[in-house]
Amino acid sequence: MNRIPTREALGDEILQLGKENSDIFVIDCDVSKSCKTQPFSKELPLQHINVGIAEQNAVGVAAGLATTGKIPFVVTYAVFGSMRALEQVRQEVCYPNLNVKMLCSHGGLTPANDGGSHQCIEDLGIMRTIPNMTVIMAADYNSARKLIREAANTYGPVYMRFTRDGVDEIYDKDTKFEIGKANYLYKGKDATIIANGDTVAIAKKATEKLKSEGINVTLLDMHTIKPLDRKAVEKAIFETNTIITVEDHNIINGLGSAVSEVIAEVGSGQIRRVGVNDRFGESAPYERLLEMNNIAVEAICEHVKELVETKAVF
């Protein structure tokens, strides 16, 4: 199975879009090699601006371009795009509802050996609290390319997170994606696993293991955290009453929190959140960091089994 970082999709799709539409601009923050936008800068130099290590300025430049009808994509690391430039994203992009896209690589634990300073486990939660912002994390290369294109064709601020490390290929290039609508990978009656980004592959393996043990689970790829596919969550509540969320993010204010809000409003269902348990990262290989935070097949399976047993008692 191919393991490709989703940042590769960032570079490939933005170049294709730029060739198709001269109004698309890339605003780089001096990380074009890491974020895979070097081909764009070489082939479309008139649509590329490198502002240097100045993320706040990048967002301001993008906002200015958006007011003239351009479609700017700010490209940087997640930790800088979501926090260092947060005031500019809020005030200059989201408040006036401008058509700026934030494509941020090295999200979650995938910066791995770079340590806690570069492992951005708060970004999706930060961004989903800002009005007008759409928040997306694709599961693999093909889905990332499709969702970047969807973002380019959708008016308004968008924040997309990408991985530095390779992730399993899940979808083929013909699978359709719609912002705000979850994708079903499996359907079962015993429980529902809702995952996004790099954890979808892990959740998929857990779902297959559980099936081999006689537990049939629905698996949802909730690639869009905001707007959340509320109908899919409600369906999961009514059909299985048991939900496990899996994310490469702080369990506070991320995917698990978004799903929990729906469960609380519906007033039914039980949930277990799998993710980074409100702690900073540290230097270690990516797979080891996932294991240290129990973002692993065995841990997910145990959560499912415990909740299924609890449901059976009641």
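I started at Asn294, which is partly exposed with a relative accessible area of 47%. My cut-offs are under 20% relative accessible area for buried, over 50% for exposed, and partly exposed in between, using a 1.4 Å probe and protein chains only. This is a predicted model, so I kept local features to pLDDT of at least 70 and side-chain atom pairs to pLDDT 80 or more, while totals for chains, interfaces and linings use all residues. Residues are numbered from 1 along each chain as its sequence is written, and side-chain values use heavy atoms, with hydrogens and water left out.

Asn294 sits in the loop between α12 and α13 (297-313). I take helices (H or I, at least four residues) and strands (E, at least two) as DSSP runs, numbered from the N terminus. The phi of Asn294 is near 60°, a positive value in a residue other than glycine. I noted that most residues other than glycine have a negative phi, and most peptide bonds are trans.

Where else did I find a positive phi of about 55°? Asn97 has one, although it is not a glycine. Asn97 is placed in the loop between α6 (86-94) and β5 (101-105), and at 28% relative accessibility it counts as partly exposed.

I also checked the peptide bond from Lys226 to Pro227, which is cis, with omega near 0°. Pro227 belongs to the loop between β12 (224-226) and α10.

**Helix α10**

Which residues of α10 (residues 230-240) are buried? I listed Ala232, Val233, Ala236, Ile237 and Thr240. Just after α10, I found Asn241 with a positive phi of about 60°.

**Pro285**

Pro285 is in the loop between β14 (270-276) and α12. At 46% relative accessibility, Pro285 counts as partly exposed. Setting aside neighbours within four places in sequence, I see Pro285 in contact (heavy atoms within 4.5 Å) with Ala112 and Asn113. The C-alpha atoms of Pro285 and Val297 are separated by 17 Å, with the two residues 12 apart along the chain.

**The largest pocket**

I put its volume at about 270 Å³. A pocket here is an open set of points on a 1 Å grid over the protein atoms alone, where a 1.4 Å probe fits, with protein on both sides within 12 Å along at least five of seven lines; lining residues have an atom within 4 Å of a point. Of the 15 residues that line the largest pocket, Arg3, Ile202, Lys205, Glu287 and Leu290 are the closest to its centre. β8 (167-168), α9 (199-212) and α12 (286-292) are the elements that give two or more residues to the lining. The largest share, four residues, comes from α12.

**The chain overall**

I counted 13 helices and 14 strands in the protein chain. Buried residues make up 57% of the 314 residues. Along its principal axes, the C-alpha trace spans about 65 × 35 × 35 Å. Among contacts between residues at least 6 apart in sequence, 80% join residues at least 24 apart.

Notes
Points joined across faces, edges and corners; volume = space filled by probe spheres on them.
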